[in-house]
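Hi,

Here is the structure I said I would pass on. Have a look at it first, and then read on for what turned up.

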Amino acid sequence: MSVIATSSESASSTAGPGAGASSRSARPVSRERRQQRVLTAVLAVIALFTVAPLIAVVILALSPADAPTIPRSLPDSLTLDNLTEVFQVGSFPRWFLNSLIYSVVSVVIVLGTASMAAYALARKRFPGRNALLWAIVATLMVPVQATLIPTFILVSKMGGVNTVWGLILPTLANAQAVFLIRQFVRDLPDELFDAARIDGAGEWRTYVSVVLPLIRPVLATLAIFVFLWHWNDLLWPLVVGQTDEARTLTVGLATLNTETVSTSSIMAAALISFVPCLLMFVALQRHIVESITSSGVKG
Amino acid sequence: MTAQTLLGRAARSTERRREAITGILFVLPTVVIFGIFKFLPILGAGAMSLTDYQLNGDYTFVGADNYSRILQDDAFWQSLKVTGLYVVIFVPLIVVVSLAGAVLLHQMQRYTGLFRSLLFVPYLCSFVLAGIVWTWIFATDGPLNAALGGLGFGSVPFISGSQLLVLGSLAMVSVWKGFGYSMLIFLAGLKALPAEVHEAARIDGAGAWRTFWHITLPLLRPITLFVLIIETIVGFQVFDTIYVMTGGGPNRASHSLIYFLYDEGFKFFDFGYAAAAGVVLFVIVLLLSLVQQRTVEGRSQS
């Protein structure tokens, strides 16, 4: 069957490329176009349902406090009152600040220490190098929750409970960051390092002005993910920040949710917590997509 | 042996020593951080699980007592059952949804970037935010029940009804929040497939469904395994949405393993016992990913 089909097809294409091709391709093209239209419609509906809960957050956050909890239509008037009020309620600004410090400081230190270690692990020979790399990668198999209790006791012995540095310290050991950057540094061409040495660049200089600029894509990707992980984290901040002052935004949100707060205020708080993540995504989405897709293929 | 080669050898060995010193200096911060905050707690978890460590720091060695106690603890078995049920609902659901999303996106010739971004957006929000929105959606007087009421159905107690309903609703939230990530991994897998195989199938007269079932899916097996493993691990760690939406209820129907660990540690301050729960969690997650890897590899070889 298939042999006949292919041979007749090749016969007609040799007969006359102009006429034959257009008559054969005319129908498939329009059929394909129709398929594409259906596909677009289906995906549009799916995308709408996916984004709908977040749109609801925005609408509820901007609705007057006495609006019905299920908006049957767009509210008559939108207001920024909820957003400004949330910032005046209790320790909300403090929570926001704690989250910001937790996320940003962690990103900076993780990227700094991990890229230094990655440079050494990929490019320098020293005793114990492979054992160290192996040990770091092996920690990826241990779920963080499995070491929650000993980590908490350690931090509490150091006096880090209810402090932001106590929150940050344990998260600086990020095996994914070390591993990912190392793969990247390993694949840089040897000539670059030879050239740097011939130019008389010292080790620190080579790291700062040769390695760091070249690994910018992987650093950008990791910056997004480390930021998101910390900004959205709940369990660790929940056990370390036990006082109102020491809470992060996620812990604060979870607390607000159990108190009797109006739907519009809780949604306003939720919206505020989401904005930094969204901004980050809009700015750097190309890197996010690339990094996830490449990790998938490698995995 | 000439003086020159001797000199060369000396220079090489100094250089090698310098290289080793730089290497060690550059990994030093990481070694210190990992030593204190990763390796020490991992060892600590094992050690603490053999003691009755208390809030004030007092402890005595109790051997395997915590482990024999955990095996006789109804609350532990309940949490294991909850987590198992949750994983059984959550994992197939998220794999199917993310694969379907990837296949649809892969067929698209235009607006791919836009749709990809829209489907990915929920991944950016926290489980806490997801929990808050879906608590509102699932509420007795919420929009979902209003819609169901409009269709003539009675009110559904999504997060306060039967265990299956509650766990299904919680899984729904996690699928919504997380499928974008796995979808992108599947999408990359689809893009990496050789185009010739699909062309050959089409020429042989295989329909879209047959092609997908007999060609695309088997070729995607390694990627599916990867997604299965990461999502199973995610499923076993479910906590945030439960904390926000049900508090482990109703009547412990959603009291998962991590919730058990959290309660034992930070509600009852039974740290040694909670550490043992952590070790059990580690062993379960490790075994499951090994079993999964074996099963899928075995099937792909046959």
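This is a predicted model: local features need pLDDT of at least 70, side-chain atom pairs count only at pLDDT 80 or more; totals for chains, interfaces and linings use all residues.

Across the interface of chain A and chain B, eight residue pairs come out in polar contact, with both residues of a pair at pLDDT 80 or more.

Salt bridges between chain A and chain B come to two. One of them joins B:E19 to A:R125, and their closest N and O atoms are 3.6 Å apart.

As for the extent of the interface, 96 residues of chain A are in contact with 84 residues of chain B. About 7,700 Å² is buried between the two chains, and carbon and sulfur atoms give 80% of that area. On the chain A side, the residues losing the most area to chain B are A:L43, A:Q145 and A:I149; together they make up 8% of what that side buries.

How many residues does the largest nonpolar core have? The number is 168, and A:I181 and A:W236 have the most contacts inside this core. Chain B takes part too: domain 1 (3–48) and domain 2 (73–301) each supply at least three residues to the core. The centres of those two chain B domains, taken over C-alpha atoms, lie 41 Å apart.

Leaving aside residues up to four places away in sequence, A:W236 touches A:Y102, A:L148, A:T151, A:F152, A:V155, A:G166, A:L167, A:P170 and A:T171.

Cheers

Methods:
Residues are numbered from 1 along each chain as its sequence is written. Chains are lettered from A and ligands numbered from 1 in the order in which they are written. Side-chain values use heavy atoms; hydrogens and water are left out. Contact means heavy atoms within 4.5 Å. Buried area is the accessible area (1.4 Å probe) that two parts lose on being put together, summed over both. A salt bridge is a side-chain nitrogen of Lys or Arg within 4 Å of a carboxyl oxygen of Asp or Glu. A polar contact is a pair of N or O atoms within 3.5 Å; within protein, one must be able to donate a hydrogen and the other to accept it, and residues adjacent in sequence count only if both atoms are side-chain atoms. A nonpolar core is a set of buried Ala, Val, Leu, Ile, Met, Phe, Trp, Tyr and Cys residues joined through side-chain atoms within 4.5 Å. Buried means under 20% relative accessible area, exposed over 50%, partly exposed in between (1.4 Å probe, protein chains only). Domain bounds come from an automatic or database domain assignment.
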